[in-house]
Amino acid sequence: MGTGLPLRKGDGRMGAFGKFERGIENVVNSVFSRAFKSEIKPVEIASAVNRAMDEGAAVYSRARTISPNEFTISLSPDDFAKLENWGRAAIEEELIDHAIKYATSQGYTFLGPLRMSFESGVEQGVGTTRVSTQTVRGAVAPVTNSVPSPANPIIDVQGQRYLLTGPVTIIGRGSESDIVVDDTGVSRHHLELRVTPRGVIATDLGSTNGSFVEGHRISAATLVDGNTITIGRTRIMFWTSPESYA
């Protein structure tokens, strides 16, 4: 379900939220300050994303609050043109990093990968923005406050941690993989991780260089907590229990 949130200038918060906003301003200002020469401020866009997450958050259980994970940010045609000239993709990546940090600070969990996109809105005035959100389940999500479980394991791929939120996750070099690795020794579709009632099964997808669990080449194997998987030069750590997760 989408929700449109107008930007409210001066809508500041105290405490942890205020400290977080100041940190975010430092993170995104280097990109945004060069991209926008209108009245819009970097921290205002970041704050609008924060509010959209807060408004769209839903309590799933006592230990889990789900945040939207897809965001559409409407700017005035003039501001949108400036963003296009600078490089929209770089700014979207900055905001994804920002959203992950805010979700972590607020205890939110995502059900799928984060996506940020900008659009030109004729109804938007220069220096204003509106954020619409959706919650869309995917194969993996960034780890925020999550802990691993047999139903939702956590993997670490070269230092980047993912929560497995779908039944099947494809890892490979191809852009259509759920987790894309920059490794020439990895095939486009290299490894499948399938969550089943009997455990998580790792299956090599006919890769050129093979898949290895604890150093042993596998065609398919049921993973156990703490296993290390190797594909190409990429190491993947696997956890299902909070006790072993570090």
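Here are a few friendly notes on the strands of this predicted model.

1. A word on conventions. Residues are numbered from 1 along each chain as its sequence is written, and side-chain values use heavy atoms, with hydrogens and water left out. As the model is predicted, local features need pLDDT of at least 70 and side-chain atom pairs count only at pLDDT 80 or more, while totals for chains, interfaces and linings use all residues.

2. Strand β13 covers residues 191-196, and five of its six residues are buried, so the strand is largely enclosed by the rest of the structure. Buried here means under 20% relative accessible area, with a 1.4 Å probe and protein chains only. Strands are DSSP runs (E, at least two residues), numbered from the N terminus.

3. Strand β13 pairs with β11 (residues 168-172) in the antiparallel sense, over four bridges; two strands pair if DSSP finds at least two bridges between them. Within this pairing, Val168 stands opposite Arg194 of β13.

4. Strand β14 (residues 199-204) also runs antiparallel to β13, joined by six bridges. Val195 has Val200 in β14 as its bridge partner. Two residues lie between β13 and β14, which form a hairpin.

5. Elsewhere, do look at the open three-stranded sheet, ordered β2-β3-β5 with mixed pairing. Its edges are β2 (58-61) and β5 (108-109), each with a single partner strand, so one side of each is left without a neighbour in the sheet.

6. Within that sheet, β2 runs antiparallel to β3 (residues 64-66), and three bridges join them. Val59 faces Thr65 of β3 as its opposite residue.

Notes. Buried < 20%, exposed > 50% of the residue type's maximum accessible area, 1.4 Å probe, protein only.
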